Amino acid sequence: MPGPLIVTASITVPEVELSWRFSRSSGPGGQGVNTTDSRAELTYDVAATTALPPALKARALTRLASRLVDGAITIAASEYRSQLRNREAAELRLAQLLREAIAPPPRKRRPTRPSKGAVEHRLASKKHRSAVKRLRRLDD
């Protein structure tokens with residue numbers, strides 16, 4: 001559980017760059033609901049990190065811009081009653097978010113045209129359907 005956060009095979013965020021905060025979770029929880037700090041908040045400063053190369057850091061900062069507060073991203077997890085499970089959930093979510101943020105952009109779509117045979121087949125099937133409907137009509 002404690003230790004570095006593995007994002008990809010080549011990128012690992014050191015534990016010192018991750019900041020944890022715990023608080024009481026809302027919702028049902030039985031007898032221990034008012035005494036256990038089971039909600040986990042994981043904060044990671046993307047702008048000041050040394051784990052990401054400059055190009056990937058820039059890409060992450062632009063893609064996560066709407067979620068960053070002073071260059072840091074905060075993930076809150078409170079879906080489990082156990083603090084440990086909430087910590088694991090927050091780490092998994094942060095790792096997934098970082099993977100998506102540093103992923104290379106998708107390749108540009110090369111526009112293509114339908115083949116001549118495909119166009120002919122489409123028109124032939126439209127003509128056939130039109131003929132079927134024409135034959136069904138009652139002629140007055």
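**Reading a predicted fold: helices, sheet and core**

Me: Leu92 lies in helix H2. Is Leu92 buried or exposed?

Reply: The model is a predicted one. Exposure is judged from relative accessible area, and a residue counts as exposed over 50%. Leu92 has a relative accessible area of 62%, so Leu92 is exposed.

Me: How far apart are Leu92 and Leu5 in sequence and in space?

Reply: The two separations have to be read side by side. Leu92 and Leu5 stand 87 residues apart along the sequence, while their C-alpha atoms are 8.8 Å apart in space.

Me: At what angle do the axes of helix H1 and helix H2 cross?

Reply: A crossing angle from 65 to 115 degrees counts as roughly perpendicular. The axes of H1 (residues 54–63) and H2 (residues 83–102) come within 8 Å of each other and cross at roughly 105°. The two helices are therefore roughly perpendicular to each other.

Me: Which residues make the contact between H1 and H2?

Reply: H1 contributes Leu56, Arg59, Ala60 and Arg63, and H2 contributes Glu100, Ala101 and Ile102. By class, the residues of this contact comprise 4 nonpolar and 3 charged, with no polar ones.

Me: What is the order of the strands in the open sheet?

Reply: A sheet is read strand by strand, together with the direction of each pairing. Here the open sheet has 3 strands in the order E3-E4-E5, with antiparallel pairing. E3 (18–23) and E5 (72–77) are at the edges with a single partner strand each, so one side of each has no neighbour in the sheet. From one strand to the next, the twist averages 20°.

Me: How many bridges join E3 to E4, and how many join E4 to E5?

Reply: E3 and strand E4 (residues 39–45) run antiparallel and are joined by 6 bridges. E4 and E5 also run antiparallel, with 6 bridges between them. Leu18 is opposite Tyr44 of E4, and Ser23 is opposite Arg39 of E4. Towards E5, Tyr44 has Ile73 as its bridge partner.

Me: Which residues touch the most other members of the largest nonpolar core?

Reply: This core has 25 residues, and Val13, Tyr44, Ile73 and Leu94 are the ones that touch the most other members. E4, H1, E5 and H2 are the elements that each give two or more residues to this core. H2 supplies the largest share, 8 residues. Val13 shows how such contacts can be listed: setting aside residues up to four places away in sequence, Val13 touches Pro4, Leu5, Val7, Leu18, Tyr44, Ala51 and Leu98.

How values were computed. Residues numbered from 1 in each chain as written. Predicted model: local features only at pLDDT ≥ 70, side-chain atom pairs only at ≥ 80, totals over all residues. Heavy atoms only, no water. Axes fitted to C-alpha atoms, helices over the stretch in contact; angles between N-to-C directions. Helix = DSSP H or I, 4+ residues; strand = E, 2+ residues; numbered from the N terminus. Parallel < 35°, antiparallel > 145°, perpendicular 65-115°, else oblique. Contact = heavy atoms within 4.5 Å. Nonpolar A, V, L, I, M, F, W, Y, C, P; charged D, E, K, R; others polar. Pairing = 2+ DSSP bridges. Core = buried A, V, L, I, M, F, W, Y, C linked by side-chain atoms within 4.5 Å. Buried < 20%, exposed > 50% of the residue type's maximum accessible area, 1.4 Å probe, protein only.
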